[in-house]
Amino acid sequence: MDRRQEILEAATKSFTLFGYKATTMEQVAKIANVGKGTIYTFFANKEILFQEIAMSLVREMQAEADAVLDASASFMDNAHNALMKMLQFREKHLLFVKLLEEEKELRTPAVKQALVRIENEILSYVTELIQRRIVKGEIRDCDAELVSFLLLKAYLAFVVDWHELHGEIIPEEKILNLFKETIFRGLILT
């Protein structure tokens, strides 16, 4: 493994354990077993190091979503499976969980910026999925960006917010059926 990758892994570990605000370059250097100066040969500052890690989270999340896409499946099934996979990733990945907690409790600007960037990447991913299906004639011509925002926020509400507010998890099949009967029904060409 090269030094840069060792530093990224050490920083990921530190951000996961301590959060963005409490992580120092000294901690990262200690975990990576390198001198602090070595970190600066690869990353100008903590913010750039953090952004690199945030984007690796996005790539990992997209890879997991890509893995559940099926070219022979309907838009509805693919959109549902991809959104559920990304939201499950978001809830289970320890660094993501730590970032969400820090943003909620401390409102750290760098964390907020990273979370916005991650959300924008998710929206771009879903927008592209919608645009491909419009071109294929499977769904109505629509503003793909707005529909992707609607889908992401609605899925977040049912997968995350509902549980936080009501203390119960809505079964995935129930979420899919709700979306089939509402949002997806309005998009699908018959």
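Leaving out residues up to four places away in sequence, E138 touches S74, F75, R133, L187, I188 and L189, where contact means heavy atoms within 4.5 Å. This is a predicted model, in which local features need pLDDT of at least 70, side-chain atom pairs count only at pLDDT 80 or more, and totals for chains, interfaces and linings use all residues. Residues are numbered from 1 along each chain as its sequence is written, and side-chain values use heavy atoms, with hydrogens and water left out.

**Around E138**
- You will find E138 in the loop between α7 and α8; helices here are DSSP runs of H or I with at least four residues, strands are E runs of at least two, and both are numbered from the N terminus.
- The side chains of E138 and R133 are joined by a polar contact of 2.4 Å.
- Between the C-alpha atoms of E138 and N177, which are 39 residues apart along the chain, the separation is 19 Å.

**Helix α7**
- Helix α7 covers residues 109-135, 27 residues in total, and its first and last C-alpha atoms span 39 Å, close to the 39 Å expected at 1.5 Å a residue (1.5 Å times one less than the number of residues).
- After α7 comes G137, with a positive phi near 80°.

**S148 in helix α8**
- S148 sits in helix α8, residues 144-166.
- S148 counts as buried because its relative accessibility is 0% (buried is under 20% relative accessible area, exposed over 50%, partly exposed in between, with a 1.4 Å probe and protein chains only).
- Beyond its neighbours within four places in sequence, S148 is in contact with L123, V126, T127 and I130.

Key:
A polar contact is a pair of N or O atoms within 3.5 Å; within protein, one must be able to donate a hydrogen and the other to accept it, and residues adjacent in sequence count only if both atoms are side-chain atoms.
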